[in-house]
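Me: Please take a close look at one part of this model and describe how it sits against its surroundings. I would like the geometric criteria stated along the way.

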Amino acid sequence: MASGNALALLIDDSLRLWGVDGRATADGAGVRIAAAGATLAVRAADPAARPVRWLLDDGAGRPDACPSVVVLLRLLRDRLGGDRRAARALRVGAAG
Amino acid sequence: MTIPVAVLTGFLGSGKTTLLRRILADPRYAGTAVIVNELGAVGLDHDLVARSEEDLVALATGCLCCSVRGDLVRTLLELEARRAAGGVPPYGRVVIETSGLADPAPILHALMTDADLGAGHALDRVVTVVDALHGEATLDRHPEARRQAALADRIVVSKTDLAGGIPAELAGRLAALNPMAPRLAAVAGAIAPDRLLAAGGAGAADVGDLVRALARAGDGPAAGAWHSQGIAAIALVRDAPLPAVALTLFLQALAEHCGADLLRLKGIVALAEAPERPVVVHGVQHVLHPPEWLERWPGDDRRTRIVVIGRAIPGQWPGRLLDAIIAEVAEESRRRGT
C-alpha cells in the first residue's frame with residue numbers, strides 16, 4: 001500500500017490534473033487535502049478491515065470506505081468537482 | 001482478408017497530397033484505395049491525387065474528424081461492398097488523407113472500435129507530414145498540428161530540399177511532442193512507402209521504435225519526460241513484471257482521469273503471469289487496441305516500458321499512480337496467499 005507521503009504526492013498531482021485549486025499534504029499515515037473550499041482527510045484503514053484500504057473523511061458524517069487508490073481518486077474527483085475533463089471509460093477496440 | 005487502413009495527416013500545405021501521389025506511383029502500392037477528405041464544397045486534392053476514379057473517394061462534406069462516425073464508416077463499408085461486387089478494382093490497402101485541420105483521434109477511434117469495420121479492416125499506421133520550412137511556426141500557432149504530430153506513428157518531414165534537411169529546432173520540437181515516432185525526411189514526397197506503411201496493425205510492428213525511443217530515455221522509475229507547449233511525453237520503466245490486474249487498473253485510471261487529454265499510449269509490458277511473452281499495449285486516448293502478445297522479447301531488455309503522451313498531465317502522475325496500484329495489488333496478493 002502506498003505510504004502517506006507517496007499518496008499525498010499522487011493526490012497533489014491529481015488535483016493539478018483535474019484542474020482543482022488545492023494542496024494535499026502527508027499527515028502521518030494519511031493525507032490532508034485542502035481544495036475547492038473543503039478540507040478532507042484520507043486515512044489508512046485498519047488492516048483487519050480489508051478489503052477496505054482507505055477512508056475518505058469530510059468531517060460531516062461516516063467516512064467513505066475505499067478498497068483501492070483507484071476508487072479513492074474517483075471519489076475525490078467527484079467530491080472536489082474535478083470534472084474539467086469528462087471521465088471516459090477505457091475501451092478496447094475490435095480485433096482486426 | 002483484413003485490409004490495413006492508414007491515416008495520412010498533416011497541417012494545411014504540409015505536402016500530404018504530394019506524398020500520397022508518390023506512394024500511389026509505387027507499383028507495390030498499386031492496390032490502394034484512397035479516401036480524400038477536403039474542407040469546402042469544391043475539392044481540389046483528389047484531382048491532384050486521382051489515378052483512376054474507381055478507387056478514389058472524396059469526402060467533401062467537411063472536416064473528416066467532425067463527421068467520421070457517419071461518413072468514414074459508411075464510405076469504407078460501401079467501398080468494400082463495391083469491391084466485393086466487382087464495382088471497383090480489387091484493393092488490399094486503404095489510405096485516408098485527412099483535411100489539414102483534422103484531429104486524427106476520432107478517425108482512429110472509428111477505425112479501432114466500429115464493429116462492422118473491425119471485421120475486415122485494421123488500423124495501420126498514422127503518418128503525419130510536417131513541413132520543414134514552416135513546420136515549427138505551424139506547431140507554435142496551431143494546436144491541431146501539435147495533436148497530429150503527437151498521434152503519429154511516423155512523421156515525414158517534407159520539403160527538406162528547400163530547408164537543407166530537417167532543421168534541428170524542428171527535430172527537437174517533434175521529438176518532444178512524440179519521441180516514439182521515427183522522423184523521416186522527404187524530398188518532393190520521395191520516400192520509400194514501406195518505411196511509412198505497415199503490413200497490418202502497427203502495434204507489434206512498431207515495438208522496435210518504442211524500444212529505441214525508450215532506450216534514449218534512460219533508467220529510473222520515471223525514466224523521462226519531454227514537453228512541448230503543454231503536451232508531454234512521459235516514459236515509465238519498471239524492472240519487475242506487473243500483475244495483469246495492475247496493468248488493467250492503471251490503464252482504466254489513465255482513461256478515466258485524463259479523458260481526451262490522453263493522446264497516445266504505447267508500451268511493451270512484462271506481465272507477472274507470463275513474463276516470457278511481452279504484451280504490446282497501444283492506444284489512442286481512451287481506446288486501446290486489443291493487447292498483442294509477442295512470442296518473445298525483441299532484445300535483452302525485459303523491463304516494462306510505457307510511453308504516455310498527453311496534454312497537461314503532471315509528469316510524475318502516471319508513475320505515482322502505477323506504483324500505488326502495484327503496491328495495493330501486491331498487498332492483496334499477500335493477503336490472499338496467492
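Reply: In chain A, an open sheet of 5 strands runs in the order β1-β2-β3-β4-β5, with antiparallel pairing. Strands here are DSSP runs of E with at least two residues, helices are runs of H or I with at least four, and both are numbered from the N terminus; two strands pair if DSSP finds at least two bridges between them. The model is predicted: local features need pLDDT of at least 70, side-chain atom pairs count only at pLDDT 80 or more, and totals for chains, interfaces and linings use all residues. Residues are numbered from 1 along each chain as its sequence is written, while chains are lettered from A and ligands numbered from 1 in the order in which they are written.

The edge strands of the sheet are β1 (22-27) and β5 (64-66) of chain A, each pairing on one side only. Neighbouring strands are turned against each other by 20° on average, direction ignored. β1(A) pairs with β2 (residues 30-35) of chain A in the antiparallel sense over 6 bridges; within this pair, Thr25(A) has Arg32(A) as its bridge partner.

The part to look at closely is helix α1 (residues 4-18) of chain A. α1(A) lies across β1, β2 and β3 (38-44) of chain A and runs at about 175° to β1(A). Axes are lines fitted to C-alpha atoms, for helices over the stretch in contact, and angles run from 0 to 180 degrees between N-to-C directions. Two residues are in contact if their C-beta atoms, placed from the backbone, lie within 7 Å.

Within chain A, α1(A) also packs against helix α2 (residues 69-80), at an angle of about 50° and with the axes 11 Å apart. That angle makes α1(A) oblique to α2(A) (under 35 degrees counts as roughly parallel, over 145 as roughly antiparallel, 65 to 115 as roughly perpendicular, and the rest as oblique). Ile11(A), Ser14(A) and Trp18(A) of α1(A) meet Leu73(A), Leu76(A), Arg77(A) and Leu80(A) of α2(A). These residues divide into 5 nonpolar, 1 polar and 1 charged (Ala, Val, Leu, Ile, Met, Phe, Trp, Tyr, Cys and Pro count as nonpolar, Asp, Glu, Lys and Arg as charged, and the others, Gly among them, as polar).

α1(A) has a partner in chain B as well: its axis and that of α13(B) come within 9 Å and cross at roughly 135°. That makes α1(A) oblique to α13(B), and this crossing is left-handed. From α1(A), the residues Ala6(A), Leu7(A), Leu9(A), Leu10(A), Asp13(A), Ser14(A) and Leu17(A) meet Trp317(B), Arg320(B), Leu321(B), Asp323(B) and Ala324(B) of α13(B). By class, this contact has 8 nonpolar, 1 polar and 3 charged residues. Ser14(A) is listed in the contact with α2(A) and in that with α13(B).

The contact between the chains takes 39 residues from chain B and 29 residues from chain A. On the side of chain B that touches chain A, the largest share, 10 residues, comes from α13(B). That side has 20 nonpolar, 11 polar and 8 charged residues. Strand pairing also links the chains: β6 (residues 91-92) of chain A and β12(B) pair in the parallel sense over 2 bridges, and Arg91(A) has Val287(B) as its bridge partner.

How values were computed
A crossing is left-handed if the near helix is turned anticlockwise from the far one by less than a right angle, and right-handed if clockwise.
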